[in-house]
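Dear colleague,

Here is the structure I said I would pass on. My notes on it follow below.

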Amino acid sequence: MMDMNAFWLSLVLTFWAEMGDKTQFVALAYATRHKLRDVLLGILWATAAVHLVSVGLGKLIAVWLAPGYLAALSAVSFLGFAIWTLYEDEETSDVRESNQNPIFLIGATFFIAELGDKTMLTAAALATTHGWFPVWLGTTFGMVFSDGLAVWVGCSLGKKIPEKTVKWVSASLFFIFAAWYAVRAVAAFR
């Protein structure tokens, strides 16, 4: 049976971590030239692949570290993600046209863009303390929902939602989870 708490936690954190990220702008750019279905399928396969690698790395780390150290590492990671979200480089990726299958092209772009990104690291951090499958599924769907929403909002509302507001909401969630894992770490060392 799947741990639904880990699934929902992963989905929500990834959803908010992806808000205002460079890949949302890439999704929006691709959506202006390709079918929404192709953009979402490209995002889906790339995210599923990257986050599978991420949860695998998280599980390896979990084997080597005691629970208190894992909670401390998660707290530091989430604190870093909060700061990263607030001070993230605002440049967008260069989107190039190609004769390749748009689903493959979009997926390859997302795969490369997500390597080492905060959503990948979020998946790894969550996998250290939760089951790999619900974390992988939650992070994958969280990112697809976030990027899909960005494309829809971008096409529908334009610039009515300030990017600064999105960044602060995302960073606040990471600060909250950093504090929660810090409390878990302190409790584990008592």
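The axes of helix α1 (residues 4-18) and helix α6 (residues 118-127) come within 9 Å and cross at roughly 160 degrees. Because of that angle, α1 is roughly antiparallel to α6 (the term applies over 145 degrees). Axes are lines fitted to C-alpha atoms, for helices over the stretch in contact, with angles from 0 to 180 degrees between N-to-C directions. Helices are DSSP runs (H or I, at least four residues), numbered from the N terminus.

This is a predicted model, in which local features need pLDDT of at least 70 and side-chain atom pairs count only at pLDDT 80 or more, while totals for chains, interfaces and linings use all residues. Residues are numbered from 1 along each chain as its sequence is written, and side-chain values use heavy atoms, without hydrogens and water.

On the α1 side, L9, S10, L13, T14, A17 and E18 make the contact (heavy atoms within 4.5 Å); on the α6 side, K118, T119, T122 and L126 do. These residues divide into four nonpolar, four polar and two charged.

Nine of the 10 residues of α6 are buried (under 20% relative accessible area, 1.4 Å probe, protein chains only). Among them are K118, T119, T122 and L126, which also take part in the contact with α1.

The whole structure has one salt bridge (a side-chain nitrogen of Lys or Arg within 4 Å of a carboxyl oxygen of Asp or Glu). R37 pairs with D38, the closest N and O atoms being 3.1 Å apart. D38 counts as buried because its relative accessibility is 9%.

Regards

Definitions and conventions. Helix = DSSP H or I, 4+ residues; strand = E, 2+ residues; numbered from the N terminus. Parallel < 35°, antiparallel > 145°, perpendicular 65-115°, else oblique. Nonpolar A, V, L, I, M, F, W, Y, C, P; charged D, E, K, R; others polar. Buried < 20%, exposed > 50% of the residue type's maximum accessible area, 1.4 Å probe, protein only.
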